[in-house]
Amino acid sequence: MDVDQLNELRQQAVQRMDTGDFEGALNLTHKIQSLGSHYVVSYTVSGLLIDIGAALGNEEIVKEGIKLLKKDFEAIVHDERYASSAYYNHANGYSALFNFKMMKDPYVGCFKKTELDEAKVYYRKVLNYDLQDALFISQTWVNLGNCFDHLGRVVDALECYEEALRRKPDHGMALGNKGLALRYYAVLAGEHQRTFLLETHSLLSQALKLGVPPEAVSAFSKSSEDIRKVFPDKRILDNPPEFPGYTIKTRSKFERFLIEFCLENKLYLNICNFCQKCDAAIGDTAVIKKMVVPKNEGDRYLHLSSYLNQIKQDYITARFLLILSRYKGVNLYFVDKYVKIIDTLDHSIHNIYIQLVKVSFKNLYDILDKIACFINDYLELGIPEREINFRQVWYLKKTKMIRKKIEDTKNFSLNALFDIHRDFEN
């Protein structure tokens, strides 16, 4: 195998892809493949085939790339030079296969095991490496965010895009995909909708100016134009208003710490966590504004609302315990000052601050079972109260078959909860 020839051909193929000449890139890829059966050839060719196939919308080319990568995968990932990018290419391959299916059926990812499950696993493996290439790290976060976005987990997607921008603030794909996710948020924003649309337009414009791959240009441009139609006066889009920012008004240092902690870690139950440009960012203002129930079942609306109130209050309590464990303004060591602990020789640490964190997370996970109770009542699944939990609410009893009433919703927000359940299971 001539390494220099391989690297030169690969560089030429990448240059062709950058200019949109994917057929030319494919011809060069086949030339590389003729250099032999060494695992480095498999690594190089498979990555190119997956990228080219995804760009051309050619499922067979992507599958060819995945098959070639699998053939020498163990040898490739044992070579530190290629391991992280091999996982990345593998994830891209599965993500592309899912995208082909989604173009035919937008609900293909709802309540089913799909290629995105594999893609998430491999993107997470990439991020376990000590990587130095800021663009590569950023793009991996973007692609993981896209997986979450397709599954309805828009908050997780936004967190990924923000992590991508933290690594590389001028990354066009991170800016553009964050903009698309915020556009979905705008639908939920009520009186703040125009603010989110302005932010979306700004992010998409920045992405297009910085440059994105040819296949992303049309999607970002179309979304940007759709937003422009919403605003009769286009000047506001080109010169968006200055927002006042938020003002923290408190009666104690602890209250200030709580508010700042919630803002920094996006812990408020509101839609402004990824904006935070005005006072609406402070507080747990999220509510369900519309719930359809028959006229003669008004008490059912109140019953379901009581679930939501309790879920919200439990979350706020769990959050408070977490914040209390982090606050240094009050010394709580007196709480367990006189508690005798047996040294079990396992290096365990016991103190009130650690216990507060443990109880906080226990309470947080308990909320999931309350969410399961809400789902059971709202969809009238008929599960006996003592048998309801977040692990089993999705399935027919003693099976892994999704309940038809859940599947028939074709609801991405409900699917987001289902996918969170699957993440916990894995």
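**Exercise 1. Classify Glu162 in this predicted model as buried, partly exposed or exposed.**

Solution. 
- Take the relative accessible area of Glu162, which is 22%.
- Buried means under 20%, and exposed means over 50%.
- Glu162 is therefore partly exposed.

**Exercise 2. Find the salt-bridge partners of Glu162, and state which parts of the chain each pair ties together.**

Solution. 
- Start with Lys178. Its salt bridge with Glu162 has its closest N and O atoms 2.9 Å apart.
- Glu162 lies in helix α9 (residues 154–167) and Lys178 in helix α10 (residues 172–188), so the pair ties together parts that are 16 residues apart in sequence.
- Check the cover on Lys178. With a relative accessible area of 9%, Lys178 is buried.
- Now take Lys266. Its side chain meets that of Glu162 in a salt bridge (3.1 Å, N to O).
- Lys266 lies in the loop between α14 (253–264) and α15, while Glu162 is in helix α9, so this pair ties together parts that are 104 residues apart in sequence.
- Lys266 is partly exposed, at 24% relative accessible area.

**Exercise 3. Where do Lys63 and Glu59 lie, and how many residues apart are they?**

Solution. 
- Confirm the link. The two side chains form a salt bridge (3.3 Å, N to O).
- Locate the pair. Both residues are in helix α4 (residues 59–71).
- Count along the helix. They are 4 residues apart, about one turn.
- Lys63 is partly exposed at 38%, and Glu59 is partly exposed at 24%.

**Exercise 4. Decide whether Arg300 is buried or exposed, and list what it touches.**

Solution. 
- Arg300 sits in helix α15 (residues 298–326).
- Its relative accessibility is 17%, so Arg300 counts as buried.
- Leave out residues up to four places away in sequence. Arg300 then touches Val293, Asp377, Tyr378 and Glu380.

**Exercise 5. Which residues make the nonpolar surface patch of about 370 Å²?**

Solution. 
- The patch is made by Phe361, Leu364, Tyr365 and Phe424.
- Helix α16 (residues 352–378) gives the largest share, 3 residues.
- Phe361 lies in that helix, α16.
- At 37% relative accessibility, Phe361 counts as partly exposed.

Definitions and conventions:
Residues numbered from 1 in each chain as written. Predicted model: local features only at pLDDT ≥ 70, side-chain atom pairs only at ≥ 80, totals over all residues. Heavy atoms only, no water. Helix = DSSP H or I, 4+ residues; strand = E, 2+ residues; numbered from the N terminus. Buried < 20%, exposed > 50% of the residue type's maximum accessible area, 1.4 Å probe, protein only. Contact = heavy atoms within 4.5 Å. Patch = residues over 30% accessible without salt bridge, like charges linked within 9 Å, V, L, I, M, F, W, Y side chains within 5 Å. Areas by Shrake-Rupley, 256 points an atom, 1.4 Å probe, with all protein chains shown as cover. Salt bridge = Lys/Arg side-chain N within 4 Å of Asp/Glu carboxyl O.
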